[in-house]
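Student: Could we go through the aromatic rings in this one together? I'm new to it, so please take it slowly.

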Amino acid sequence: MKDWMTIEETAQYLQIGKTVLYDMAREGNIPSNRIGGKWLFNKSDLDIWVRSNKPIEKFFTDTTAHIEENLQLREPQIEAYQALYNFFRQGKKTAIMQIPVGCGKSGIAAIAPFGISHGRVLIVAPNLTIKNGLYESLDVTNRQKCFWLQRGVLKKEDMLGGPFACTLDTGNISVCEKSHVIVSNVHQFATNPEKWLKKFPADFFDLIIVDEAHHSPANSWKIVLDHFKDAKIVNMTATPFRGDKQEIDGELVYRYPFKKATFNGYIKRIKASYVAPSELEFTAKGETKVYNLEEVLKMKEKDWFSRGIALSDACNQSIVDNSLEKLEQLRETGTHHQVIAVACSVEHGRRIKAMYVARGFNADLIYSQLDEDKKSDVIRRLTSGELDCIVQVQMLGEGFDHPKLSVAAIFRPFRTLAPYIQFVGRIMRVIVQNSPGHPDNYGHIVTHAGMNLDQRLKEFKQFENDDQKFWEGVIGGEEPEPPSDIASGKKRMRLSEPAFASYEIVDSLIEEEFTSAEDEDIIRELEVKLESLGLDPSTARGIVKNKQKQMNIVPAAEPYQVLPQKEWESLRKGLSDKVNRTASLLLNRLEISRGGRELINNGVSATNNFVACVTLINKEIKKRNPKERKEWSIDEFKDADKSLEEVLSTLTRTWKGVLSAKKKKR
């Protein structure tokens with residue numbers, strides 16, 4: 001009976017009055033047993049009860065968390081925690097942490113409150129994908145995925161009373177009051193402040209952790225942060241700079257280099273490859289010129305040139321072929337690696353998808369305006385391994401976690417570093433954890449030398465080396481906005497581009513490492529090797545410097561065979577998509593709305609103006625080739641595609657006259 005205590009002993013042990021203790025026992029609010037007329041209390045049960053009934057404002061400061069000597073935590077997680085602890089101990093308020101994708105930002109969010117937060121914690125994510133992933137890792141009832149349990153941060157007995165996490169998907173503020181951590185995407189707070197935000201007192205949270213914090217200066221984030229203005233803030237991001245002239249608020253207290261993450265096996269070892277044409281025929285402003293590689297590399301800095309390269313089928317085909325060769329090399333391990341491609345527009349994405357399909361690979365397109373059910377189906381087929389390639393336009397960004405994406409095919413110029421790194425981040429997650437040399441932990445970036453993306457990689461390396469001049473230049477840089485007349489739709493739009501490449505001859509690629517050792521590290525390693533071989537170690541520096549001056553040129557992929565049946569199917573579907581785009585351009589040129597009836601009122605049989613435009617375009621195509629489309633050849637589909645510019649011009653002239661005459665009669 002040595003573990004059992006009387007009511008007097010228990011009151012003294014818990015430092016509470018006997019009357020209060022008696023009432024608690026009678027009401028069942030404390031573990032107790034009544035034997036005869038006496039109340040008895042078990043010491044072990046009381047210890048557990050005490051741990052599980054800590055006030056929320058003391059939970060994170062009074063709960064012992066196993067962090068600094070925890071071998072199950074990653075190096076950046078422990079170091080980031082130590083940096084945060086020291087930062088807030090000095091009474092400072094807003095911290096920035098730069099952690100590459102795949103290095104455990106969710107784990108840092110999980111351990112950050114311990115010893116730091118004197119109350120509830122708010123974790124704010126930029127989208128639903130990240131929010132759901134964070135909540136899953138903080139759910140103490142999910143024993144398979146709970147980070148604290150899986151990494152040995154907390155003991156089971158310490159988790160009886162929390163930490164409890166909740167979202168704002170259901171429930172009300174009473175649920176939040178009983179929770180230690182609230183996980184939300186920013187829209188739940190900012191879109192309708194009356195629903196949630198204004199119901200919380202300004203001091204409801206002691207600590208706010210912002211994931212993907214390069215979004216935080218946006219108005220929606222500012223509304224949230226301003227409401228809880230006295231809370232301590234941790235801004236976490238892989239890229240601590242934005243693309244809209246706004247800096248992230250706070251002090252950079254910790255950064256874990258991509259290079260170190262690569263060497264430790266937290267992210268893939270990535271190589272960048274640039275299609276290097278020995279001959280490129282390019283037309284601009286009605287003038288056609290043939291460029292050699294040296295001339296292409298000089299022209300790539302001109303925006304009109306790099307955009308023309310990006311939108312030209314000839315150059316896109318070279319990127320497709322070389323990305324597929326890299327894919328097949330990776331698949332030699334038996335793992336189903338996949339390609340993620342980025343396009344300039346939906347129409348451009350459809351053309352790229354068709355190129356992969358015509359070469360016998362399963363590909364699909366995803367973009368923000370796509371129906372939600374269709375988006376879900378594309379993601380399902382990607383994650384299940386049905387797809388070899390996914391082409392995206394402004395989709396699959398932060399928080400999309402699919403490690404088998406290992407080849408990034410870039411078909412668009414990136415004008416600033418942040419979106420470039422964020423896209424490349426989609427192929428950084430390793431397949432085999434903590435194994436930097438594993439053959440499945442390699443990735444490739446494939447693009448065209450004429451798109452100037454080697455400049456983004458150069459900037460990235462300056463960023464990695466903490467180059468101060470680079471930081472001053474890149475913070476506040478921006479991805480150029482389209483001119484207002486284009487954004488508003490008032491500018492006359494075209495089917496084809498004024499600058500384009502008609503053909504290119506490609507027999508080589510330029511390659512470079514995405515992350516590489518510092519020059520001095522390479523030199524020291526080479527000095528040791530030379531000395532061990534009895535050679536002069538002083539020559540190491542010259543060898544390294546000479547090698548850097550030379551481009552690493554490797555053979556390009558042989559063009560992939562195009563399956564006639566696949567090409568025919570893609571061209572037929574592609575023509576239908578192009579007709580729809582042409583219809584939208586015709587509406588734009590005629591200055592009439594999609595759902596209007598102006599064309600119907602002038603004799604076109606249709607349900608609205610858009611359908612009328614599709615009907616008119618198909619009739620014009622039929623005039624040029626009266627055969628049924630199912631009887632067309634591949635060349636006839638290509639001819640029809642080329643004729644659409646002329647069809648558009650003809651219909652614009654005709655119907656502008658008809659509609660103008662109608663207006664005059666009024």
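Tutor: Let us begin with a term: buried means under 20% relative accessible area, exposed means over 50%, and partly exposed lies in between, with a 1.4 Å probe and protein chains only. This is a predicted model, in which local features need pLDDT of at least 70 and side-chain atom pairs count only at pLDDT 80 or more, while totals for chains, interfaces and linings use all residues. Residues are numbered from 1 along each chain as its sequence is written, and side-chain values use heavy atoms, with hydrogens and water left out.

Student: OK, how many aromatic pairs are there?

Tutor: Rings of Phe, Tyr and Trp (its six-membered ring) pair if their centres lie within 6.5 Å, and planes under 30 degrees apart count as stacked, over 60 as edge-to-face and the rest as tilted. That rule gives 23 aromatic pairs. One of them joins F414 and Y420 edge-to-face, with 6.1 Å centre to centre and 70° between the planes.

Student: Are F414 and Y420 buried or exposed?

Tutor: Both F414 and Y420 are buried.

Student: What about W568 and F637?

Tutor: W568 and F637 also form an edge-to-face pair, at 5.7 Å centre to centre with 85° between the planes. W568 is partly exposed at 22% relative accessibility, whereas F637 is buried, with a relative accessible area of 1%.

Student: New topic: which rings link into a cluster?

Tutor: Ring pairs join W196, F200, F204, F205 and F228 into a cluster.

Student: And what lies over the face of F204?

Tutor: R120 does, at 4.1 Å from the ring centre; a charge sits over a ring if NZ of Lys or CZ of Arg is within 6 Å of the ring centre and within 35 degrees of the ring normal.
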